[in-house]
Amino acid sequence: MSIVVSLKDVVDAMDMQGDEFHAYLNQVTGELITVTTEALSAVEEGDEWDDEPQWQQDVLEDAKQVFASDDFLPLPSKFDIHDYSIMEDFCYSLENPRLRDEMSSRIRGSGAFRCFKDGIHYHGIQEDWYRFRQQALEGIAIEWLEDNDIAYTRGNDRSTEA
């Protein structure tokens, strides 16, 4: 029997990633694991964390599993997600031409992310942005799941897709 994963869980794991965290899906069990860059480096270099707290040792064990097995697939990373492109698409999706132009100009130049955030809060469209971004992440996750022939469920729906 093949695995079925929760689309929401995959999207949440993708969204948590950054420079210091990487998420993986065990394509045999469906388990999602998030590990730190530090733990992956320690495994690569053969370092042990015997003197570290238990939670850090647990993170190292997860990194060892990821490193030692071909069962783990890396989820789309922040480089695959392109947050700037999602912001740009959101700006172009705005129906009000003045708002669309203002928001588009906010993402040009240095400080684009901060200016964008200030703009969505100033205009009270942050919920629209969060919904738009969530849909974009879901689209990226669905494409990745389908490319890897992994079935998924949406929300409480137990029927499979893909």
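Colleague: How many helices and strands are there in the chain?
Modeller: This is a predicted model, and in it the chain has 8 helices and 5 strands.

Colleague: Let's pick one residue, then. Is Trp129 buried or exposed, and why?
Modeller: Trp129 counts as buried because its relative accessibility is 8%, and the cut-off for buried is under 20%. You will find Trp129 in helix α8, which covers residues 126-147.

Colleague: Which residues does Trp129 touch, leaving out those up to four places away in sequence?
Modeller: With those left out, Trp129 touches Ile86, Met87, Phe90, Phe116 and Ile120.

Colleague: How far is Trp129 from Phe67?
Modeller: From C-alpha to C-alpha, Trp129 and Phe67 are 36 Å apart in space, and in sequence they are separated by 62 residues.

Colleague: Switching to the charges, which residues gather in the patch of negative charge on the surface?
Modeller: That patch brings together Glu20, Glu38, Asp50, Asp51 and Glu52. Glu52 sits in the loop between α2 (37-45) and α3 (54-68), and it counts as partly exposed because its relative accessibility is 36%.

Colleague: What about the charges of the whole chain, how far apart are the mean positions?
Modeller: The chain has 13 positive and 36 negative charges, and the mean positions of the two groups lie 14 Å apart.

Colleague: Now the backbone: what is phi of His82, and where is this residue?
Modeller: Phi of His82 is near 55 degrees, which is a positive value in a residue other than glycine. For background, most residues other than glycine have a negative phi. His82 is placed in the loop between α4 (78-81) and α5 (83-93), and it counts as partly exposed, because its relative accessibility is 46%.

Colleague: And what is phi of Asp149?
Modeller: Asp149, which is not a glycine, has a positive phi of about 55 degrees. Its place is the loop between α8 and β5 (151-153).

Colleague: Why does Asp149 count as exposed?
Modeller: Asp149 is exposed because its relative accessible area is 71%, and exposed means over 50%.

Note on methods:
Residues are numbered from 1 along each chain as its sequence is written. This is a predicted model: local features need pLDDT of at least 70, side-chain atom pairs count only at pLDDT 80 or more; totals for chains, interfaces and linings use all residues. Side-chain values use heavy atoms; hydrogens and water are left out. Patches are made of residues with over 30% relative accessible area and no salt bridge: like charges are joined within 9 Å, nonpolar side chains (Val, Leu, Ile, Met, Phe, Trp, Tyr) within 5 Å. Accessible areas come from the Shrake-Rupley method with a 1.4 Å probe; for residues, only the protein chains shown count as cover. A salt bridge is a side-chain nitrogen of Lys or Arg within 4 Å of a carboxyl oxygen of Asp or Glu. Lys and Arg count as positive and Asp and Glu as negative; His and the chain ends are not counted. The place of a charge is taken as NZ of Lys, CZ of Arg, CG of Asp or CD of Glu. Helices (H or I, at least four residues) and strands (E, at least two) are DSSP runs, numbered from the N terminus. Buried means under 20% relative accessible area, exposed over 50%, partly exposed in between (1.4 Å probe, protein chains only). Contact means heavy atoms within 4.5 Å.
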